[in-house]
Amino acid sequence: MLRIVKYVLLDIIQNKILIGYTLFLFFVSIGLFNLSDDPTKGVIGLINVFLTVIPLVSIVFSTIHFYNSYEFIELLASQPVKRSLILWSQFWGLVFAMLLSVLIGVGIPIIIFSPTAAGFSLFFSVLGLSLVFVSIALLASVLTRDKAKGIGVVLLLWFFFALLYDAIVLFMMFALADYPLEKVMLLFVSINPIDLARVAVLLQLDISALMGYTGAIFREFLGTWWGIAYAFSILFAWATIPMLIAIRVFRKKDL
Amino acid sequence: MLEAQSLNKSYGRQKVLDNVNLCFKSGQSISLIGPNGSGKTTFLKCILGLVVPDSGEIFLSGLPISGKWDYRQRLGYMPQIGRYPDNMRVGQLFDMILDIRMGRFKNLDRELMESFEIEKFSDKSMRTLSGGMRQKVSACLAFLFDPDILILDEPTAGLDPFSTEILKEKVLREKQKGKLVLITSHILSDLEELSSDVIYIMDGKVQFFKSIDELRAQTGEEKLNRALARIMQEKN
């Protein structure tokens with residue numbers, strides 16, 4: 001598999017958008033850390049930027065890359081190469097590329113300015129989110145044949161996870177305020193990977209004011225460390241399950 | 001050597017393969033003929049595992065191929081439209097395919113690469129290649145690993161007359177070595193030279209599967225196109 005991943009990765013690394021993305025992450029990190037003397041404030045500022053931008057870029061970039069590699073995939077599929085291996089190679093190629101971007105764009109500034117627990121949990125959260133959205137992107141691309149439709153679907157998915165989901169949860173909270181729904185809310189937060197990543201960082205920061213309703217419930221029920229462990233295992237599930245479904249679909253897909 | 005048993009495939013409501021049963025022996029060279037959209041390419045893609053049939057099974061040397069991948073070592077495929085990664089150079093493409101095979105092949109057959117002088121444009125990027133040059137690259141890849149079965153989907157479309165002759169001679173030589181050759185084409189004169197048997201597919205159904213000699217005897221026509229026309233008339 002590594003042989004094929006090598007070719008996928010070589011193709012992605014030459015992509016100028018990825019280089020621009022890495023530079024963007026890098027300069028936003030440095031800029032926000034330099035805005036104030038307190039690195040915690042930098043981390044808080046970065047959460048809000050990254051939790052919107054990183055899922056968006058990961059999902060759209062992966063989808064476009066998949067459709068642009070269609071010829072490559074077709075070529076490999078007519079060679080003695082296992083079907084599942086072809087899609088796994090795309091996945092690992094994209095994961096390595098995203099890893100590299102986050103490592104340079106987020107990891108290095110954090111090591112320089114804020115090598116704290118909060119800083120590292122921000123780093124691992126955005127890394128986890130990148131994986132999750134690569135995985136979702138590949139599932140969506142395998143299911144839709146048309147490129148424009150595929151990109152539309154992933155944009156909608158991003159919109160849902162990044163904006164719409166919170167709005168729905170808030171609406172439900174107000175509508176059902178008379179009932180004891182804490183545990184249900186916990187469940188709802190576990191469903192959205194972006195919320196999970198946010199909670200995982202905020203739990204480390206110890207700022208209850210910013211933690212919001214869901215974060216407070218998290219701490220109340222799970223405590224800081226259990227909360228973080230829980231958040232990351234659900235993120236892991238989000239990164240693997242869509243990809244496993246994608247592999248199942250891809251094995252039977254007509255090319 | 002290659003056998004298809006009650007193969008069915010539909011795209012939505014359209015039936016592209018309708019209960020296809022065929023059996024091929026090595027040394028045979030078979031032409032698939034039929035109108036556009038009759039299911040020829042789909043059938044070839046089923047053999048390659050690029051398209052998964054709804055039902056039915058294909059056997060290669062008695063073993064079912066569904067879900068398998070290593071049997072493709074024995075196939076050489078030249079697609080109808082060769083589509084390759086745009087930002088790859090011709091040389092890189094060949095290196096990559098060789099790399100992916102990991103040395104698991106009998107021997108390399110670079111004869112066609114030499115006749116087509118692939119070396120000359122190995123530094124060109126795939127994006128800049130013309131349709132005919134892509135066809136040459138596809139042809140070279142199909143023959144490169146000396147496969148037992150050659151699957152050629154409209155091999156001569158877009159090739160210049162000189163290159164077409166080179167390719168045809170190559171196919172004939174491989175056929176004489178006892179390989180199974182499956183060709184689709186709309187150029188009947190090419191097929192007449194290359195093939196021993198003819199399959200006529202229409203609307204996903206196999207209309208007939210006969211040797212060329214049989215066809216000639218049956219219709220009393222020497223030319224393949226006339227023989228086919230006669231049969232079509234009789235059917236109607």
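How many residues of S8(B) are buried? The answer is 5 of its 5, so strand S8 of chain B is mostly covered, where buried means that 20 or more other C-beta atoms lie within 10 Å of a residue's own, exposed means 12 or fewer, and partly exposed falls in between, with C-beta atoms placed from the backbone. This is a predicted model, in which local features need pLDDT of at least 70 and side-chain atom pairs count only at pLDDT 80 or more, while totals for chains, interfaces and linings use all residues. Residues are numbered from 1 along each chain as its sequence is written, and chains are lettered from A and ligands numbered from 1 in the order in which they are written. Helices (H or I, at least four residues) and strands (E, at least two) are DSSP runs, numbered from the N terminus.

Back to S8(B). In a regular strand the side chains alternate between the two faces of the sheet. Both faces of S8(B) are covered, with Leu180(B), Leu182(B) and Thr184(B) buried on one side and Val181(B) and Ile183(B) buried on the other. S8(B) belongs to an open sheet of 6 strands in chain B, ordered S6-S7-S8-S3-S9-S10 with mixed pairing; two strands pair if DSSP finds at least two bridges between them. Strands S6 (75-78) and S10 (205-211) of chain B stand at the edges with a single partner strand each, so one side of each has no neighbour in the sheet. On average, neighbouring strands of this sheet are turned by 15° against each other, direction ignored.

The pairings can be followed strand by strand. S7(B) runs parallel to S8(B) over 5 bridges, and Leu152(B) has Ile183(B) as its bridge partner in S8(B). S3(B) also pairs with S8(B) in the parallel sense, over 4 bridges. For Ile30(B), the partner in S8(B) is Leu182(B), and the partner in S9(B) is Asp197(B). Strands S3 (residues 29-33) and S9 (residues 197-202) of chain B are parallel too, joined by 4 bridges.

Helix H4 (residues 131-144) of chain B touches S6 and S7 of chain B, and its direction makes about 175° with that of S6(B). Here, axes are lines fitted to C-alpha atoms, for helices over the stretch in contact, and angles run from 0 to 180 degrees between N-to-C directions. Contact between two residues means that their C-beta atoms, placed from the backbone, lie within 7 Å. Helix H1 (residues 40-48) of chain B lies across S3, S6, S7 (149-153), S8 (180-184) and S9 of chain B, at about 145° to S7(B).

Some loop and strand residues of chain B deserve a look. Ser26(B) sits in the loop between strand S2 (14-24) and S3 of chain B, and counts as partly exposed because 15 other C-beta atoms lie within 10 Å. Leaving aside residues up to four places away in sequence, Ser26(B) touches Met1(B), Asp148(B), Gly178(B), Lys179(B) and Leu180(B). Its C-alpha atom is 8.2 Å from that of Val181(B), although 155 residues separate the two along the chain.

Most residues other than glycine have a negative phi. Ser6(B), in strand S1 (residues 2-11) of chain B, has a positive phi of about 35° although it is not a glycine. Glu154(B), likewise not a glycine, has a positive phi of about 45°. Glu154(B) is in the loop between S7 and helix H5 (161-176) of chain B, and is buried because 20 C-beta neighbours lie inside 10 Å.

Over in chain A, helices H3 (residues 39-68) and H6 (residues 117-143) have axes that come within 8 Å and cross at roughly 20°. By class, their contact has 20 nonpolar, 7 polar and no charged residues; Ala, Val, Leu, Ile, Met, Phe, Trp, Tyr, Cys and Pro count as nonpolar, Asp, Glu, Lys and Arg as charged, and the others, Gly among them, as polar. Met98(A), in helix H5 (residues 83-113) of chain A, is buried, with 26 C-beta neighbours inside 10 Å. Not counting residues up to four places away in sequence, Met98(A) touches Ser58(A), Ser130(A) and Val134(A).

Finally, the two chains meet in a contact of 17 residues from chain B and 19 residues from chain A. Helix H2 (residues 90-101) of chain B gives the largest share of the chain B side, 4 residues.
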